[in-house]
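Here is a short briefing on one protein chain. Please keep the sequence and the model open while reading.

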Amino acid sequence: TAKSSHPLETDESGFTMLSVELAKSGRAKCRATQQKIGKGEVRVGKEVPNVYTGVGTTTQWYSLAGTEQMIRTGRMSISSAKSLTGFQRLSASNKKLVNDMLARAKGGPGGDANSTKFPSSPAKSSTKEGGAQSAKMSEEDAKAVLQGLKSSGKTQRGTLATWMEGEPLEQGISCIEYARVKKPSNCKLCYSRIAQGDIRVGDRQPSQFYYGMQTRWLCFTCAKGNISRLSQLMNWDRMGYDVSNEIRAKTNELMSPEKEAALEALMVPVNELWDILLAEVLLDEFIQLLDLNGISATALRIEKRSIDMALLVADAILNGLCEDCPVCKSAGLLGLSGRVVCWGFLGGFTKCVFRSDLDSVERCMFRVPADMAAAEWMGAWLRGAKAHCMVVDDAAPPLFGNREKKAKKKKKKKGKKAPK
């Protein structure tokens with residue numbers, strides 16, 4: 001797509017166009033602070049690919065305070081106010097507001113760099129090759145680009161253990177997960193009950209009733225004898241260390257005792273925090289928490305999956321927030337089972353396949369609202385944690401603030417539905 005000749009600013013991906021204007025209606029919320037931007041207030045627009053249609057772009061709006069937060073945490077880069085589209089059309093007083101905000105964010109004359117609690121995220125490459133431009137691609141184009149990236153070796157950084165590198169099977173025993181639905185189907189071999197949260201393994205075969213594949217779910221006990229390598233299972237890296245270890249013991253993929261101990265020490269704390277977060281944080285609260293750190297759950301297509309969002313948050317709290325993906329430019333990198341993977345998309349339904357070892361990806365601190373940091377369960381976890389990469393954002397809106405209101409609304413709705 002041809003770009004405008006105007007001096008358009010980009011974020012760290014080298015793709016997103018930024019502009020500045022006065023809010024027209026007062027309906028939009030700042031994506032960083034979650035507060036409404038009043039009519040007539042100065043706001044910064046971030047043009048991003050439209051993940052709903054896969055065609056064109058949409059604009060995310062940020063207040064000046066939200067823009068400052070984004071710059072301080074490395075999620076947005078603005079070289080100067082003049083580089084923003086629309087800056088020259090602002091009044092002198094509004095131009096001063098923008099310049100003062102940039103000075104504070106960068107620690108210049110208008111502010112103190114040491115006043116922020118949040119360290120900048122690692123510097124990102126400005127190269128666009130095989131990256132953000134693909135976010136606007138069609139499904140066919142994305143697949144073609146993906147093949148080119150694989151053949152050129154740009155989808156991997158660093159060295160991975162051999163057992164991590166295989167591709168999942170397309171048919172047969174080919175996926176594993178913790179059952180998400182409330183009433184999962186019984187095991188198709190032994191007919192034992194699979195409860196929500198239990199491990200189940202998918203056997204994908206051509207359907208007898210319609211064109212395409214269907215998945216027969218098996219309990220872990222029945223399926224594990226038919227697994228020849230761990231990486232044949234889609235989502236294997238989302239399992240806990242005990243499951244990974246048990247499968248690899250059967251497939252002769254165990255590493256040396258020293259490496260296994262290091263992997264266990266890395267994975268177990270994440271698994272423990274993962275369980276705590278699932279028990280204490282609600283679905284919409286995960287979305288808000290990720291959004292505070294510049295991660296769109298919708299763009300990663302996990303906005304309805306508490307299990308996945310909790311895993312991403314657990315990794316970021318313990319090990320730090322990963323830099324953006326060098327291939328698809330999304331904020332979808334996270335550490336899983338001893339490696340870093342990307343949950344982003346190149347275009348359409350074509351998933352990004354970037355992989356890296358843990359040492360080849362830079363990280364920054366993960367922000368949490370003050371009420372989350374002060375929660376009793378968080379205090380109990382912190383007392384037992386050896387280290388973490390979490391900082392408190394006192395300016396962030398409360399994470400748990402709407403729970404009472406939602407409970408009352410739910411109770412009221414139930415009352416209306418009660419039989420006469």
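What percentage of the 420 residues in the chain do buried residues make up? The share is 46%. The model is predicted. The chain holds 11 helices and 16 strands. Of the contacts with a separation of 6 or more, 64% link residues 24 or more positions apart.

**Helix pair α7 and α8**

- Two packed helices are described by the angle between their axes and the distance between the axes.
- Helix α7 covers residues 283-292 and helix α8 covers residues 306-319.
- They pack at an angle of about 40 degrees, and their axes lie 10 Å apart.
- Angles under 35 degrees would count as roughly parallel, and roughly perpendicular begins at 65; α7 and α8 are therefore oblique to each other.
- Their crossing is left-handed.
- On the α7 side, the contact uses L283, F286, I287, L289 and L290.
- On the α8 side, S306, M309, A310, L312 and V313 take part.
- By class, the residues of this contact are 9 nonpolar, 1 polar and no charged.

- A310 is found in helix α8.
- Is A310 buried or exposed? A310 counts as buried because its relative accessibility is 0%, and the cut-off for buried is under 20%.
- Leaving out residues up to four places away in sequence, A310 touches W274, L277, L278 and F286.
- F286 is also one of the α7 residues in the contact with α8.
- A310 and L282 are 28 residues apart along the chain, and their C-alpha atoms are separated by 9.7 Å.

**Helix pair α1 and α2**

- Helix α1 (residues 64-72) packs with helix α2 (residues 92-106) at an angle of about 30 degrees.
- The axes of α1 and α2 are 9 Å apart.
- That angle makes α1 roughly parallel to α2, because the limit for this class is under 35 degrees.
- The crossing of α1 and α2 is right-handed.
- α1 brings L64, T67, E68, I71 and R72 to the contact.
- α2 meets them with L97, V98, M101, L102, R104 and A105.
- The residues of the α1 and α2 contact divide into 7 nonpolar, 1 polar and 3 charged.

**Helix α10**

- Which residues of helix α10 (residues 376-384) are buried? They are W377, M378, G379 and W381.
- These buried residues pack against helices α6 (257-280), α8 and α9 (370-373), and against strand β16 (390-393).

**The open sheet β4-β13-β10-β9**

- In what order do the 4 strands of this open sheet run? The order is β4-β13-β10-β9, with mixed pairing.
- β4 (156-157) and β9 are the edge strands, and each pairs on one side only.
- β9 (residues 333-336) and β10 (residues 339-342) pair in the antiparallel sense over 4 bridges.
- In that pairing, L333 stands opposite C342 of β10.
- β10 and β13 (residues 355-356) run antiparallel and are joined by 2 bridges.
- Across from V340 stands S356 in β13.

**The β9-β10 hairpin**

- β9 and β10 form a hairpin, with 2 residues between them.
- S337 sits in the turn and has a positive phi of about 50 degrees.
- In a regular strand the side chains alternate between the two faces of the sheet.
- From β9, L333 and G335 point one way, whereas L334 and L336 point the other way.
- Are these β9 residues buried or exposed? All of them are buried.

**Positive phi in two loops**

- Q34 has a phi near 65 degrees, which is a positive value in a residue other than glycine.
- Q34 is found in the loop between β1 (17-22) and β2 (42-49).
- Q34 is partly exposed, with a relative accessible area of 25%.
- Y191 has a phi near 65 degrees, and this residue too is not glycine.
- Y191 lies in the loop between β5 (172-178) and β6 (199-206).
- Y191 has a relative accessible area of 63% and is therefore exposed; the cut-off for exposed is over 50%.

How values were computed:
Residues are numbered from 1 along each chain as its sequence is written. This is a predicted model: local features need pLDDT of at least 70, side-chain atom pairs count only at pLDDT 80 or more; totals for chains, interfaces and linings use all residues. Side-chain values use heavy atoms; hydrogens and water are left out. Buried means under 20% relative accessible area, exposed over 50%, partly exposed in between (1.4 Å probe, protein chains only). Two strands pair if DSSP finds at least two bridges between them. Axes are lines fitted to C-alpha atoms, for helices over the stretch in contact, and angles run from 0 to 180 degrees between N-to-C directions. Angles under 35 degrees count as roughly parallel, over 145 as roughly antiparallel, 65 to 115 as roughly perpendicular and the rest as oblique. A crossing is left-handed if the near helix is turned anticlockwise from the far one by less than a right angle, and right-handed if clockwise. Contact means heavy atoms within 4.5 Å. Ala, Val, Leu, Ile, Met, Phe, Trp, Tyr, Cys and Pro count as nonpolar, Asp, Glu, Lys and Arg as charged, and the others, Gly among them, as polar.
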